[in-house]
Amino acid sequence: MKRIGVFVCHCGINIAATVDIESVVKDLEDYPGVVLVQDYKYMCSDPGQNIIKEKIKSERLDGIVVAACSPTLHENTFRLTCKTVGMNPYSCEIANIREQCSWVHKNKDEATLKAKLIIRSIVEKALLDEELEPVQVPVIRKALVLGGGIAGIQAALSIANSGYEVILVEKQSSIGGRMAQLSETFPTLDCSQCILTPKMVDVAQHEKIRLMTYSELEDISGFVGNFKVKIRQKAKYVDWDKCTGCGLCIEKCPKKAPSEFDQGLEKRKAVFTPFPQAVPNKPVIDHENCTYFKTGKCQLCKIVCSFDAVDFDETETFVEEEVGAIVVATGYDVYPVLNMDEYGSGKLPDVIDGLTFERILSSSGPTGGEVRRPSDGTVPKEIVFIKCVGSRDPEHHFPYCSKICCMYTTKHAMLYKHRVHDGQPYIFYMDVRAGGKGYEEFYQRAQEEDNVIFLRGKVSKVYQDDDKVVVCGIDTIYGRNVEIRADMVVLAMAIRPSKGVEELTRLLKIAIDQNGFLTEAHPKLRPVESLSAGIYLAGCAQAPKDIPDTVAQASATASMVSNLFSQEYLLHDPLITGVNEDLCSGCGVCVSVCPYDARKLNKEEGIVEVNEVLCEGCGSCSAACPSGAAQQKNFTDTQLSNMVKAILSE
Amino acid sequence: MQVSYYPGCTLKTNAKNFETSALAVLDRLGVTAQELEDWYCCGVCFSQASDNLMQQIAPIRTLVKAKESGNPQLLTLCTMCYNTLKRSVEFIKADEEKLETIHKFMDREATRFYGDEVDVIDVLSLIKQIGLDKLKEAVVKKVKNLKIASYYGCMLLRPKEIAIDSPDDPSIMEDIILASGCENVYFPFRTECCGSYQIVNEPDIVKTRAKKIIGSALKNGADLMVILCPLCYYNLDEVQAEIRKEDPRFQTLPVLYITQLLALLLGLDLDIHDFSLHSVDPRPVLKRKGLL
């Protein structure tokens, strides 16, 4: 029989006040298999661990049971202690007599008895424990980054600069994302494109980055370090290998459609690049709007192309790749104005969202940076900005704060004032959240130097009256109703996760929260990992955030990926459920209950096979298996039955 | 098709023309509204003013009557009654404990009411349920360029839990107007409160609002305004006459119950209207547009 040592921890008075330690020690001393029982005030302390180490050696112990707090707290600590003196870590078991005993009971006699029974049952488990070694898994050192906005760009560059290969997948034809649409950035007012485009070029030129735009993730299988992905390259109808990006086709194309990049303020052609600084700077043909695809006539682009790059017969293609880690950086959309019935349901041309106003302010935008309103192109002399539109409104829209609006609206008002000196900007706000380096100073500047009028209160109604947009709101500081006959209104709409993210998360098997944003593994301590190993998060897909926060988070994400790639092997917990091939009848019940796709039925052999890396040791299959062939390591049926007997013995 | 019908007090006094026109229109559209026997006052907005359960008794007794009538759809014409009854239904459904207390109090009633048994419905939703196509077919007088401003008021739209349409951008009245062959005038104050009971103590509030609402409808080209609520009717029709007395330059706009307009378009008996009840006489406009 094995020689088991039991170490009972007082945990100060946490355990000792409710459990009679002396009685427990005495009880266990006579238990079969137990050769030593030792108590100590704090077993997890250095002296406590030293006692364990000494006793393992002096008493020639084969296994130990530490009766203390929950295994989630210190199981790892004590297993490492065992390892340093040459004992297999899996020969160390924890009997939880704190959370499951002393903390939840008041009666000392009852608690003491319960502690004894818990420890006895764990001794029974320890007696039959096998020595186990972690499963080793190789790592494919190549990352897949989904999304080519600033988050994806930063993550891709950072991983690539660490020397690992990256595939960057973007669904639009160019990378750049939302940041490329912005005018100037708070709080320094540097031009967004000027700081972004060099990074876009870096991505395109980086030898470790394979850029796949106009593409989307189609399928995925595998696990951390060993994902197999299938990427769908949408039909571009332009052979980018032949295309030089001369732009002649765009010039000659007779068909126009609203420009997504310019938020519909301007038209683009049916063959187009989203913006002049696009990377890659090659056009695609928009199937929905192209005259040739609609009527079978035109082909002007094909005729003018001197490089024979236009190919109307092009179809979508699929690329299969193997990667070790995936970064989800799919960004955000703006909640549409048409959801706001009180602000005109999107029917008033001079009531626009903040992103559209960014295009109006942008020097590369449709007005060349002059502030002109969409309806008639006049310069608005009074402009009202409304914040928290859809955000912080749990009753009608979304409960969360979209975080960036306070600062960008302040910036909007400031930039407007810089361009229209005799104009008057008003901002309706709930409160101003200017937390960030230089943000409060920026907000102060808007009030003091740019004469932006801040009105604390909500706007109840916006309506068109002749050529004015009338804004009815309340100023809660003065306690009076306010009516402003403005020329234009800009709504700081809520930030939403990008369209299609929900389907993507289903594909990746990662979680989203009640608002549709990706869920991190731990809100404080693991903010850039998803709950699925090997899948990481960055940018507004996880939660609304501004550019500095996005870049910081994407860098952190890249660091986690590099961390993963720096290991030669991944170690996987060996507490898994295998298959006893002699007992397995190949019924496949375990396959259907496995939540991790770890079990597969081999029909030829008539048995089930297990992927040890995918198995998380949840035990579902062990419970379901009718023949006892699926035995979880160190949790066998015999062990469990002995444990139950020990508990029922008193 | 048959529905049970709860008139409420105003429909039997000041708003007789609303009742007669609505019942006649529904009759033409094939719906019989069977008036509840022995009905009570709905309790008006006072029943919703505090959480005193006693105040719920009046609307619930009415709902019990409706349940007993065996016809689960209960039509209310007055929007105030609609609001009161519908909110009582929601109140009961939301709070089992309070429902229990109410049941204990109402121990002499033979019937118990749990909230789901009666569907309180307003006349607009009922017409929509009958079908706008059917309404279109029933129209016998085709009019040209009759521009209608539909005024919703609050009671059908707020709170949003009982709203019959979007509280801020509704369209059900405009849909009905369009189906009846008239033109819609959109004006920004169609869902603005008329001032309601402030007419009793602070009539100036109502006058200011009436000016704003009527002025906005006129500015957008309305020939007529149609409404549903007897109180809105008072505040927008009667008050116009008072404003006119103070300010002779004030331009008036005739106000009709939407069912009156429909009755005219369906070519129903003119006796149901009693135009003497109107402060701003609609007859000149109606004559001009060929409806009289």
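Trainee: Is A:Arg60 buried or exposed?
Mentor: Count C-beta atoms, placed from the backbone: 20 or more others within 10 Å of a residue's own make it buried, 12 or fewer exposed, and anything in between partly exposed. A:Arg60 has 10 others within 10 Å, so the class is exposed.

Trainee: What kind of model is this?
Mentor: Residues are numbered from 1 along each chain as its sequence is written, while chains are lettered from A and ligands numbered from 1 in the order in which they are written. Local features need pLDDT of at least 70, side-chain atom pairs count only at pLDDT 80 or more, and totals for chains, interfaces and linings use all residues: this is a predicted model.

Trainee: Where is A:Arg60 found?
Mentor: Helices (H or I, at least four residues) and strands (E, at least two) are DSSP runs, numbered from the N terminus. Phi of A:Arg60 is near 50°, positive in a residue other than glycine. Its place is the loop between helix H2 (46-58) and strand E3 (63-68) of chain A.

Trainee: Is A:Cys11 buried or exposed?
Mentor: A:Cys11 also has phi near 50°, a positive value in a residue other than glycine. Its loop runs between strand E1 (4-9) and helix H1 (21-29) of chain A. With 21 other C-beta atoms within 10 Å, A:Cys11 is buried.

Trainee: What is omega for the peptide bond from A:Val279 to A:Pro280?
Mentor: Most residues other than glycine have a negative phi, and most peptide bonds are trans. A:Pro280 lies in the loop between strand E15 (271-272) and strand E16 (284-285) of chain A. The bond from A:Val279 to A:Pro280 is cis, with omega near 0°.

Trainee: And what is omega from A:Phe186 to A:Pro187?
Mentor: A:Pro187 sits in the loop between strand E8 (184-185) and strand E9 (190-191) of chain A. This peptide bond is cis too, with omega near -5°.

Trainee: Leaving aside neighbours within four places in sequence, which residues does A:Asp353 contact?
Mentor: A:Asp353 is in strand E20 (residues 351-353) of chain A. It counts as buried because it has 21 C-beta neighbours inside 10 Å. Residues are in contact if their C-beta atoms, placed from the backbone, lie within 7 Å. Those that A:Asp353 meets are A:Val334, A:Val337, A:Leu491 and A:Met493.

Trainee: What share of chain A is buried?
Mentor: Chain A has 18 helices and 32 strands. Its C-alpha trace spans about 95 × 65 × 40 Å along its principal axes. Of its 650 residues, the buried share is 44%.

Trainee: Which residues of H5(B) are buried?
Mentor: Helix H5 of chain B covers residues 123-130. After H5(B) comes B:Gly131, with a positive phi near 120°. The buried residues of the helix are B:Val123, B:Leu124, B:Leu126 and B:Ile127.

Trainee: Why do they line one face of H5(B)?
Mentor: Look down the axis and take the directions from the axis to the C-beta atoms; the arc is that of these directions. The buried residues of H5(B) line one face because they fall within an arc of 160°.

Trainee: How are H9(B) and H10(B) set to each other?
Mentor: Axes are lines fitted to C-alpha atoms, for helices over the stretch in contact, and angles run from 0 to 180 degrees between N-to-C directions. Under 35 degrees counts as roughly parallel, over 145 as roughly antiparallel, 65 to 115 as roughly perpendicular and the rest as oblique. Helix H9 (residues 203-219) and helix H10 (residues 230-246) of chain B come within 9 Å and cross at roughly 100°. H9(B) and H10(B) are therefore roughly perpendicular.

Trainee: Which element gives the largest share of the side of domain 1 of chain B that touches domain 2?
Mentor: Domain bounds come from an automatic or database assignment, which gives chain B domain 1 (2-123) and domain 2 (132-288). Their contact takes 23 residues from domain 1 and 25 residues from domain 2. On the domain 1 side, helix H1 (16-28) and helix H3 (79-94) of chain B give two or more residues each. The largest share, 9 residues, comes from H1(B).

Trainee: How many residues of chain A are in contact with chain B?
Mentor: Take both sides of the contact. Chain B brings 4 residues, and the number from chain A is 5.

How values were computed: Two residues are in contact if their C-beta atoms, placed from the backbone, lie within 7 Å.
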